[in-house]
Amino acid sequence: MPGLQLLGLIAQFAPVAPESPNAEGIRDSWLFVSIFVFAIFVLVEGLLIAFIWKYRRQKRDRFEPGAEIHGATNLELAWTAGPVVVLFLIAAFVFIELPGIKDIPEAAAGEEELEISVVGRQFYWQYEYPNGVIAIDTMRAPAGVPVRLEVTAPDGDVIHSWWIPALGGKIDAIPGVTNETWFQARTEGTYTGQCAELCGVEHAQMTAQVEVLSPEAFEAWLDDRLAEQEAGSGELGQETWEGVCAKCHGLNGEGGIGPRVAGSPTLTDVEAVGNLVRNGRRTMPAVGAGWSDTQIEMLADYLTENSLSGN
């Protein structure tokens, strides 16, 4: 049992199982470097213990000097050349792996890559698809298709960092700057992550997940979602409340980091809701700056339907 616990502890320091080629490149680089780190640690600590034992004082008087040790040219050359070789091997391996981590692969014949805009804001992620579909915190993507992510944050916000460990490395969402990353999920499933940049008091609530669907299921979801948003129905209102507002005001509007809003007359007025989220108020940032009228209307409808507005 102690052995299993030790293995479990060691496993916590290893990257999660990769589900995208770029994530696999990151994991392979980590393993390659870790082998050298472990080997050097064992070598240095082993020699340290051996020398301490070999050259211990034994019966020599406390103040009697030990035997003189003269230089060893071969050994000195070895410990000078060895680190150079190790660093060269690590650098060569990383530079070989780097294009596969950074460069977006071409889609298979007959397929196109998918582009998704990722906007980091205090304290949520908003995803925008090429056809105008919007989602909060949960991204949907097709399996086996290269997905290019354009990651940014609006002016006036703070720096965030989008990271789904199983699908690749971290990428910063910097106000006014667009960075790019990608993934190509191999299998269907849900992969979780977290904003990896301390971004404020509710940073811990800024989680993210990618739900990978079959290409057919993804296309069906995207079409259905577009039809819902054009009709002003569907889940976007609930996603917006739970992913944006409730993180500060509580799931039922009971208050938390932000004040209690349940029953507020402001929530009964679509125009007032739009003005509040687009412009902010007092210490509340403009969490909805740039939101479409449709998104605000769907949020207001959700608030009314679920009695948060007091109706």
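Predicted model: local features only at pLDDT ≥ 70, side-chain atom pairs only at ≥ 80, totals over all residues.
Glu219 is classed as partly exposed because its relative accessibility is 42%, a value between the limits of 20% for buried and 50% for exposed residues.

Pro259 is located in the loop that connects helix 5 (236-249) with helix 6 (270-279). With a relative accessibility of 55%, Pro259 is counted as exposed, since the cut-off for that class is over 50%. The C-alpha atom of Pro259 is 8.0 Å from that of Cys248, although the two residues are 11 positions apart along the chain.

The search for disulfides across the whole structure returned 0. Cys245 accordingly takes part in no disulfide, and the nearest cysteine sulfur to its own belongs to Cys248, at 9.0 Å. For Cys248, likewise, the closest cysteine sulfur is that of Cys245; the separation of 9.0 Å is too far for a bond, because a disulfide requires the sulfur atoms to be within 2.5 Å.

Both cysteines fall under the 20% limit for burial. Cys245 is buried, with a relative accessible area of 11%, and Cys248 is likewise assigned to the buried class on account of its relative accessibility of 19%. Pro259, by contrast, is exposed, while its C-alpha atom lies 8.0 Å from that of the buried Cys248.

Methods. Residues numbered from 1 in each chain as written. Heavy atoms only, no water. Buried < 20%, exposed > 50% of the residue type's maximum accessible area, 1.4 Å probe, protein only. Helix = DSSP H or I, 4+ residues; strand = E, 2+ residues; numbered from the N terminus.
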